[in-house]
Amino acid sequence: MTALDAAAVAAVDSGGQAAEILDLGVHLRDALWRVESAGLDGQQSAGLVIAGMGGSGVGALLAQAAIGDRATRPIVAVRDYTLPGWVDAHWTVLLSSYSGATEETLSCWDAATAAGARRIVSSTGGVLVERARAEKVPVIPLPGGFQPRAAVGYATVVALEVAALAGVAPSLRDEVEAAAALVESLSVAWGPEGPQDSSPKALALALEDAVPIVCGAGLTAPVAYRWKCQVNENANRPAFWSELPELDHNEIEGWAASGPFTAVFLEDPAGTHERVQRRFDLTAEIIGGAHRITAQGETRLERLMSLVHLGDLVSLYLAVLGGADPIAIPAIYRLKSELG
Ligand code: F6R
């Protein structure tokens, strides 16, 4: 059995992705400070749109889930070139792009400008920040040097804090602090120096020859999506995601055929409708079994971040098992370059 230890990680990890994943707690706290330092005014909005792609867009989905039914106005994630037609001057639009160069997000900048919406930018630089500075639009500056997907803690906390400033959700600062403390303790147990039978190492070994289909529900649905993306980008392997209860109305039939797929269920019993929890049990039984993972922590954000952290580490260990450098995303770079 391959040892998933510090030496094995170091052998593939040319860009220090493991250290960035393990620093999630630091990122969560630093993000709070960065939003505060940006000195944004609170301003009641009709709703909040968060536009961003990939690693910069997932923070919107995670923040939406963490807020849950505590949202007082709509919070909408946009992963596209255009904004909904109903966005107007009463809305706040957060443009989230780590590089500041993503064409879909720049196009949403244009759409937000045309709509007369209040704009806020979260980025390290690029054209997006140049445009924001030129028009005196506030910028929440992110630290440079990461892969965007490794800045998930920043993307999530910035979305949460901007939601509070836009008057569409309560501030979850206390939950951010609690989540930071929780993931710091999990990092010790789950990191490369931790035991070989820790949850992420054991799960990576179980998934070594499989294509994972990660399933969530409610709070954990966007985390399932995050797991899929991290396996794709860090381990350069296929992975898919889906969610309950919807999958019980279609996808469950697909499991009758044999294939390379293995189900991973991300469960949050504390926050899940009892009928959905029953569906996790029955679905696992009907499809012939699933790896069942339970969120840890008290608050919604802790539970969400515990699963995000686990998935990030599973993807790291899958990269190690496959001999992939977790920083390498050649297909994404090629595509962006060919699009010009
Ligand atoms: C790369 C990554 C990608 C990018 C996406 C958008 O690590 O996760 O999914 O996040 O291509 O780029 P940015 O984040 O620079 O707007």
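Is Asn 236 buried, exposed or partly exposed? Partly exposed, because its relative accessibility is 40%. The scale: buried is under 20% relative accessible area, exposed is over 50%, and partly exposed is in between, with a 1.4 Å probe and protein chains only.

Ground rules, quickly. This is a predicted model, where local features need pLDDT of at least 70, side-chain atom pairs count only at pLDDT 80 or more, and totals for chains, interfaces and linings use all residues. Residues are numbered from 1 along each chain as its sequence is written, and side-chain values use heavy atoms, with hydrogens and water left out.

Stay with Asn 236. Its place is the loop between helix 10 and strand 7. Helices (H or I, at least four residues) and strands (E, at least two) are DSSP runs, numbered from the N terminus. Just after helix 10, Asn 236 takes a positive phi of about 50 degrees. Most residues other than glycine have a negative phi, and most peptide bonds are trans.

Lys 136 also has a positive phi, near 55 degrees. Look for Lys 136 in the loop between helix 6 (126-134) and strand 5 (139-141). Lys 136 counts as exposed because its relative accessibility is 74%.

Leu 244 and Pro 245 are joined by a cis peptide bond, with omega about 5 degrees. Pro 245 sits in the loop between strand 7 (240-243) and helix 11.

Back to helix 10, residues 221-235. Of its 15 residues, 14 are buried. The expected span is 1.5 Å times one less than the number of residues.

Next, strand 8, residues 261-267. Six of its seven residues are buried. Strand 6 (residues 211-216) runs parallel to strand 8, and five bridges join them. Two strands pair if DSSP finds at least two bridges between them. Cys 215 stands opposite Phe 265 of strand 8.

Strand 8 also pairs with strand 9 (residues 291-294), in the parallel sense, over four bridges. Val 264 has His 291 of strand 9 as its bridge partner. From strand 8 the chain crosses through helix 12 (residues 274-286) to strand 9, a right-handed β-α-β crossover. Right-handed means that, with the strands pointing away from the viewer, the path from the first strand over the helix to the second runs clockwise.

Now the ligand. Which residues are closest to the ligand? Ser 56, Ser 97, Ser 99, Thr 102 and Gln 147, out of 14 residues that surround it. The cut-off is a heavy atom within 4 Å.

From a side-chain N or O atom of Ser 56, the distance is 2.5 Å. From a side-chain N or O atom of Gln 147, it is 2.6 Å. Gly 55 uses a backbone N or O atom, at 2.9 Å. The protein covers 93% of the 390 Å² of accessible area that the ligand has on its own. Those areas come from the Shrake-Rupley method with a 1.4 Å probe.

Last stop, Ala 256. Ala 256 lies in the loop between helix 11 (251-254) and strand 8. Ala 256 counts as exposed because its relative accessibility is 72%.

Terms used:
A polar contact is a pair of N or O atoms within 3.5 Å; within protein, one must be able to donate a hydrogen and the other to accept it, and residues adjacent in sequence count only if both atoms are side-chain atoms.
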